[in-house]
Amino acid sequence: MCGFCGVFLSETHWSDGSVAGPQAGGRTRRQERAHRVAVANRVLRHYGLKLADWQGSAYLLSGQTGQTAVVPSVAAVWPAAEQLRKRSLDPFDEALLEALERG
Amino acid sequence: MDRVADKRGQGLIPVTVITGFLGSGKTTLLQRLLRSPCMQRTAVLMNEFGEVGLDHLLVEHVAESVVLLKSGCICCSIRDDLKSALRGLLSRRDRAEVPEFDRVVIETTGLADPAPILYTLVSEPVVRHHFRLATVITTVDAVNADLHLSRNPEGVRQLAAADRVVITKTDLAEPTQIAAARALCRRVNPTAWLLDAADVGTDPDLLLAAQPPGVDSRAAPPSDATLGTQAGQAHFAALERHGADVGSVSLVLDAPLDWTAFGVWLSMLLHRYGNDVLRVKGILQVRELQAPVFINAVQHIVHPPQHLESWPTDDHRSRIVFITRGVDRERLQRSLAAFTKVRVSEASYA
């Protein structure tokens, strides 16, 4: 349940899953994972990284030079991305915000 | 699991955490609460030096020990003492060695950072399946609030983590000191209910009853009459100087949120700024849902989101309060808007 390190002492990270299931007119689990990957990729694209679903149970983070990391949740993407890119990722990054506002 | 915001917590034993700086009146408050008949089935965990002075049925003393996870940050550390104490309580209850209990109160040491305690409650595999965090109560000494909060970062963390703040020693303090302490508490943590120890009396319901999840929109600037006086202004100015880098901002979102986009943003924010985002508390209008979703985070620790039955007011817009240290509120606002593609504005208190 740690938003910082994504350490898993519990089975589900808070950010995994939807708050509205299909019964409530929301997405199925598969649709939700696909949507989460798409949303995260809007950010990761800015850093030359790409996220993909990995067998419905984890995520595969890839760099442009073939480096990869398997992470259990979106929260765990950020430390892994920083390791791959050797730089910190900042949600206040001006260039990132401009890219998100454009796209 | 498809739904993260299910109705968790039902059937779990509620845990109340009483924290506050050294000498701020935690034990006195606890003693008062335990005198109430409705607290009879309460197990109390105190630090090894604590003494409630009552023949309470079940008082355990625990020596503080923290186990840091190798890859973890400080707030996301398991309190090994607490884990063992809570597990031990369950085992001994099951063996009928201790009386049945239906509530646990933890009194922390004055220097404790509450975050590892909360992390243990929400994350430790056995503990989280038997207990749930009910409320965090923080005592603030009206006479020494200035000293406590200015010199000790733990004091600020304790205040930021609070669901209830109890101003203590009001019988010893000058009215201006009380007003200044209240004003500072409101400024640092506008989401908490603010009570005077004298008002709490022996009615534990005021402190322990479930707070309707939501965001207190009364996060207004201090308005105590005594602050208008010269002495009051001087007290408040002194407190303000000490906590100048800690403050809160309440943001309002004009349209329903994409929960996933919000989750991506919040996880990235807490990864980068978790040490300085002391608290996030909000009620969210999520797309596809009629009822709101309540979120609550203390530093890096995010409680499971909760579905609420209904909106507390006619205003159905998302409202999120951030208690931060040195984080630029304009950048926070802009970043949230860029990630969620929803217009974000600062709440007004007209």
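Visitor: In what order do the elements of chain A run from the N terminus on?
Guide: They run α-β-β-β-α-α. Helices (H or I, at least four residues) and strands (E, at least two) are DSSP runs, numbered from the N terminus. This is a predicted model: local features need pLDDT of at least 70, side-chain atom pairs count only at pLDDT 80 or more, and totals for chains, interfaces and linings use all residues. Residues are numbered from 1 along each chain as its sequence is written, while chains are lettered from A and ligands numbered from 1 in the order in which they are written.

Visitor: How much of chain A is buried?
Guide: 38% of its 103 residues. Buried means 20 or more other C-beta atoms within 10 Å of the residue's own; exposed means 12 or fewer, partly exposed in between, with C-beta atoms placed from the backbone.

Visitor: Over to chain B. Which strands pair with β7(B)?
Guide: β1(B), residues 13-20, pairs with β7(B) in the parallel sense over 8 bridges. β8(B), residues 164-168, also runs parallel to β7(B), with 5 bridges. Pairing takes at least two DSSP bridges between two strands.

Visitor: Which residue of β7(B) does B:Thr19 stand opposite?
Guide: B:Thr138. On the β8(B) side, B:Val140 stands opposite B:Ile167.

Visitor: How many β7(B) residues are buried?
Guide: 9 of 11, so the strand, residues 131-141, is mostly covered.

Visitor: And why is α6(B) called largely enclosed?
Guide: Because 12 of its 14 residues are buried. Among them are B:Ile178, B:Leu184 and B:Val188.

Visitor: What is the span of α6(B)?
Guide: Residues 175-188 reach 20 Å from first C-alpha to last, close to the 20 Å expected. The expected span is 1.5 Å times one less than the number of residues.
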